[in-house]
Amino acid sequence: MEDQEETTTGDGEEWQMQNGQQEVGGEEDDKMVIDGDMEDWNGFISGGTTVGEGEEGEVVAEWRPGEPVTPQYVLWLNRYTNEYLCSPEDNIYNINFSRFKIRDLDSGVVILDIKKHGPTEIQDVIDLDTSRFIQYHFSPAFLALREIGATLEFTVGSKALNRFRLIERHYFRDLLLKTFDFEIGFCIPHSRNTCEHIYCLPDLEPETVEEMIAHPFETRSDSFYFVNNKLTMHHKAEYSFTPQRETDTSRE
């Protein structure tokens with residue numbers, strides 16, 4: 001997915017979703033199904049870069065807990081991570097996401113709109129119960145889209161964010177589909193922020209598309225959030241592109 005941004009207003013502990021289905025969980029084995037009046041929002045556009053795959057055969061040394069995780073390290077990862085590379089306590093800036101919306105740029109159709117409802121005042125406390133794992137259910141038609149916009153709304157605690165950066169790595173099995181690198185930039189303390197990243201979706205071989213549809217949740221992503229080049233948050237996601245009736249039947 002490739003990048004840019006826009007403004008919106010949101011509402012920001014309960015998640016609501018429109019035009020889609022989603023599952024959320026604190027860990028990969030702890031999932032649950034999930035189907036604004038925030039003021040003083042900062043709206044901004046950030047330019048990002050799309051990073052290609054690492055050199056063929058590149059081997060990344062195994063990361064060990066306690067070692068620093070840098071942007072360079074995650075950009076050279078050649079597979080989906082088996083564990084989280086930071087803990088919830090590392091979110092010392094109290095970054096709290098309150099809305100996530102996906103739209104097709106060609107048609108303007110909103111594909112997904114999830115809102116988290118809670119106190120209107122900014123909470124300067126680390127949320128250790130926040131979910132870091134999510135499952136998305138999309139139709140096969142999603143794989144035919146060329147560009148989507150992903151709007152993210154979030155608040156910041158008492159510490160300013162310098163060089164706030166998001167790196168996403170998307171995989172199907174052990175195949176790196178694409179890397180997205182978004183430089184969000186600076187956010188002031190006690191602020192409410194909105195940005196829309198523009199994703200240029202990869203051109204996939206027809207055989208790969210068929211395999212992704214036939215094997216739900218084997219398409220996965222790591223999302224790494226850095227502040228001043230230090231990993232602050234790590235989120236994981238899995239994706240299904242199977243028609244909903246088939247997905248429901250397979251779970252019975």
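## Basis

Residues are numbered from 1 along each chain as its sequence is written, and side-chain values use heavy atoms, with hydrogens and water left out. In this predicted model, local features need pLDDT of at least 70 and side-chain atom pairs count only at pLDDT 80 or more, while totals for chains, interfaces and linings use all residues.

Strand β14 covers residues 230-240, and ten of its eleven residues are buried. Buried means under 20% relative accessible area, exposed over 50%, and partly exposed in between (1.4 Å probe, protein chains only). Helices (H or I, at least four residues) and strands (E, at least two) are DSSP runs, numbered from the N terminus.

Two strands pair if DSSP finds at least two bridges between them. Strand β13 (residues 219-227) runs antiparallel to β14, with nine bridges joining them; R220 has E238 in β14 as its bridge partner. The hairpin of β13 and β14 has two residues between the strands, and N228 there takes a positive phi near 55°. Strand β8 (residues 133-137) pairs with β14 in the parallel sense over five bridges, and Y136 stands opposite Y239 in β14.

## Nonpolar cores

A nonpolar core is a set of buried Ala, Val, Leu, Ile, Met, Phe, Trp, Tyr and Cys residues joined through side-chain atoms within 4.5 Å. The largest has 38 residues, and I95, F138, F154, L161 and F164 have the most contacts inside it. Strand β11 (residues 175-187) gives the largest share of this core, five residues. Another core, of 16 residues, lies apart from it and includes L77, L85, F224 and L231.

## Aromatic rings

Rings of Phe, Tyr and Trp (its six-membered ring) pair if their centres lie within 6.5 Å; planes under 30 degrees apart count as stacked, over 60 as edge-to-face and the rest as tilted. By this rule there are 14 aromatic pairs. The rings of F142 and F241 have centres 6.0 Å apart and planes at 25°, so this pair is stacked. F142 is in the loop between β8 and β9, F241 in the loop between β14 and α3, 99 residues apart. Both F142 and F241 are buried.

The rings of F154 and F164 have centres 5.6 Å apart and planes at 65°, so this pair is edge-to-face. Ring pairs also link F100, Y136, F138, F142, Y239 and F241 into a cluster.
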